[in-house]
There are 2 protein chains.
Amino acid sequence: MSDHEQRHLSSLRGQSGDALPPVEQHAQQYETVRNAHETELIEDYVELIGDLIRHRGEARAADIANRMAVSQATVSKMIRRLNELGLVTSKPYRSLFLTEEGQKMAETSRARHDVVLHFLRALGVDDSTARIDAEGMEHHVSDETLSIMQRFTEQQRNP
Amino acid sequence: MSDHEQRHLSSLRGQSGDALPPVEQHAQQYETVRNAHETELIEDYVELIGDLIRHRGEARAADIANRMAVSQATVSKMIRRLNELGLVTSKPYRSLFLTEEGQKMAETSRARHDVVLHFLRALGVDDSTARIDAEGMEHHVSDETLSIMQRFTEQQRNP
DNA sequence: CAAACAGTTTAGCCTTGGCTAACAATTATC
DNA sequence: GATAATTGTTAGCCAAGGCTAAACTGTTTG
């Protein structure tokens, strides 16, 4: 690897803030985030489809497009992918269903989402802000943090 | 808009969890997340470049590649983009500098990052997990939530 | 000082996830 | 039941962010 950085340990200057983590750890942080990004959208679609089915009895492409603020063509393409991934089943021009696996993913996602959302509210964040933040944060919260959030929320409720 | 959904208010089934938010709000959540994604990577690069400069006196493409766990070619391409965006200045085969604007972005990102990281630690999350989560979460935390996190962390420190 | 090595860039490829426009199917309405 | 409106699909475009391989530059060292 012959790390160029080694030659610059030198003179400690502007030491505000934490030190840099070791290279391997730092690299792993970024990799984790990149991996999360890959599954994120998939999970969002599956979660939304699950929510639509649960709340309205069915999930149609047009509803997804409206709620995601995305074109119908994009949704159509995405559904093909979800199909290939074995997460949904669909017949052309018909509404969607989640496979076993899709349902599992939808539930997990939804559970995560709820924990984060309720945690933010318990922290004192305004509802509409909490919703937006939760949507973005949910895919980046580890199981460990998630369970701490859950405990915190419960304590808040039963003081 | 002629919302198809309207025709399915019907029979409330499986009412676990919160109701769906109104379409406009829901759409805005997803849009916010999509927008965050666009700037996220840019901010990560700029933040890392700032950190490298601060801690080692200079930022070189190879160091960035190592720390991001990404190929040098990818970094090179990204640097060109950062250049076009007026965030860094660079001469071929030389190390990088942040422009005024780049510095501002680096500082803001770093501040956000620190608030989230310290908050997670204050919550009781293990250090290495907190680092990973903070890296993913920082771009999805609103100003409102951020300041609540900061207050929480301070209270934790001065009980 | 020439050769070897480390670092950087370029070229060219791939996948994702957006978009619009044109077309096809289904559903609603007269 | 024919036609209009809505919904869904396909084709083809684009930018972003990865990658590898090859070329080039700068630095170190025998």
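**Loops, interface and a helix pair**

Mentor: Tyr93(A) counts as exposed, because it has 6 C-beta neighbours inside 10 Å. The cut-offs: buried means 20 or more other C-beta atoms within 10 Å of a residue's own, exposed means 12 or fewer, partly exposed is in between, and C-beta atoms are placed from the backbone. This is a predicted model, where local features need pLDDT of at least 70, side-chain atom pairs count only at pLDDT 80 or more, and totals for chains, interfaces and linings use all residues. Residues are numbered from 1 along each chain as its sequence is written, with chains lettered from A and ligands numbered from 1 in the order in which they are written.

Trainee: Where is the place of Tyr93(A)?
Mentor: Tyr93(A) sits in the loop between β1 (88-89) and β2 (97-98) of chain A. Strands here are DSSP runs of E, at least two residues, and helices are runs of H or I, at least four, numbered from the N terminus.

Trainee: What is phi of Tyr93(A) near?
Mentor: Near 65°, a positive value in a residue other than glycine. Most residues other than glycine have a negative phi.

Trainee: And Tyr93(B), what phi does it have?
Mentor: Positive, about 65°, and Tyr93(B) is not a glycine. Tyr93(B) lies in the loop between β1 and β2 (97-98) of chain B.

Trainee: New topic. How many residues of chain B are in contact with chain A?
Mentor: 54 residues of chain B, against 53 residues of chain A. Contact means C-beta atoms, placed from the backbone, within 7 Å.

Trainee: Which element gives the largest share of chain B's side?
Mentor: α1(B), with 14 residues. That side of chain B divides into 19 nonpolar, 19 polar and 16 charged residues. Nonpolar covers Ala, Val, Leu, Ile, Met, Phe, Trp, Tyr, Cys and Pro; charged covers Asp, Glu, Lys and Arg; the others, Gly among them, are polar.

Trainee: Back to a loop. What does Gly86(B) touch?
Mentor: Thr99(B) and Glu101(B), not counting residues up to four places away in sequence. Gly86(B) is in the loop between α3 (72-84) and β1 (88-89) of chain B.

Trainee: Is Gly86(B) buried or exposed?
Mentor: Exposed, because Gly86(B) has 11 C-beta neighbours inside 10 Å.

Trainee: How far apart are Gly86(B) and Thr32(B)?
Mentor: 54 residues in sequence and 24 Å in space, C-alpha to C-alpha.

Technical notes: Two residues are in contact if their C-beta atoms, placed from the backbone, lie within 7 Å.
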